[in-house]
Amino acid sequence: MNSDSNYPIFKVGDHEAFMEFAIVQAQKSPPAANKFCVGAVLVDADKGEVLSTGYSLEYPRDYKGDPGTTHAEQCCFIKIADGHNLPEERIYEVLPANTVLYTTMEPCNERLSGNMTCATRILRLKGAIKTVYVGIREPGTFIANNEGQKRLEANGVQVVYPVQHLRDRIMEVSMAGH
């Protein structure tokens with residue numbers, strides 16, 4: 001499924017390597033005072049294979065008529081959808097059985113830009129993503145209390161924070177431009 005041969009292959013279960021790669025994606029996001037720089041990596045956890053990557057604002061506002069700005073998780077999903085000529089909500093049809101998502105920041109459950117939340121995007125994939133590995137919780141900078149983790153867990157998605165020692169670095173990258 002890996003359509004980009006430039007993606008590295010990591011040791012299965014190497015959470016630090018996958019999160020480091022998500023941080024690299026976050027660093028590609030244009031810094032701005034009105035958003036976070038977030039990176040995400042969609043992974044076939046059985047093979048250690050990166051399926052797609054994404055970062056905040058990688059795609060233009062209102063991409064394919066979806067209102068608002070693009071978030072990192074959404075950009076991962078767009079690449080899979082475009083690569084398989086599917087609408088984003090049907091990528092569960094082509095994802096490997098043990099697909100996981102690494103994201104530098106907790107998936108959003110509220111959007112100020114009018115776009116669908118990342119938690120909703122994950123949940124509408126009908127259980128294709130059963131685990132989300134998160135670098136940091138979303139700070140209360142824009143949304144006072146993001147409940148992405150709570151919503152995902154309430155719907156059967158496990159949320160894990162595997163790299164606490166990278167927390168300060170992820171926060172620094174996320175806040176670029178603030």
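This report describes a strand hairpin and a set of salt bridges in a predicted model.

Residues are numbered from 1 along each chain as its sequence is written. Because the model is predicted, local features need pLDDT of at least 70 and side-chain atom pairs count only at pLDDT 80 or more, while totals for chains, interfaces and linings use all residues; side-chain values use heavy atoms, with hydrogens and water left out.

**The hairpin**

Helices (H or I, at least four residues) and strands (E, at least two) are DSSP runs, numbered from the N terminus. Two strands pair if DSSP finds at least two bridges between them. Strand β1, residues 39-44, pairs with β2 in the antiparallel sense, over six bridges. Within this pairing, V41 stands opposite T53 in β2. Four residues lie between the strands of the hairpin, where G48 takes a positive phi near 70°.

Burial is judged by relative accessible area: buried means under 20%, exposed over 50%, and partly exposed in between (1.4 Å probe, protein chains only). In strand β2, residues 49-55, seven of the seven residues are buried, so the strand is largely enclosed by the rest of the structure.

**The salt bridges**

A salt bridge is a side-chain nitrogen of Lys or Arg within 4 Å of a carboxyl oxygen of Asp or Glu.

| Pair | N to O distance |
|---|---|
| K64 and D82 | 2.6 Å |
| D66 and R121 | 2.6 Å |
| E89 and R124 | 3.7 Å |

K64 and D82 meet in a salt bridge through their side chains. This pair links distant parts of the chain, 18 residues apart: K64 is in the loop between β2 and α2 (72-83), and D82 is in helix α2. K64 counts as exposed at 63% relative accessibility, whereas D82 is partly exposed, with a relative accessible area of 34%.

The side chains of D66 and R121 also form a salt bridge. D66 lies in the loop between β2 and α2 and R121 in helix α3 (residues 118-123), so this pair ties together parts that are 55 residues apart in sequence. D66 and R121 are both buried.

E89 forms a salt bridge with R124. Because E89 lies in the loop between α2 and β3 (99-105) and R124 in the loop between α3 and β4 (129-136), the pair ties together parts that are 35 residues apart in sequence. E89 is partly exposed, with a relative accessible area of 35%, and R124 counts as partly exposed at 24% relative accessibility.

A network of salt bridges links D66, E88, E89, R121 and R124.
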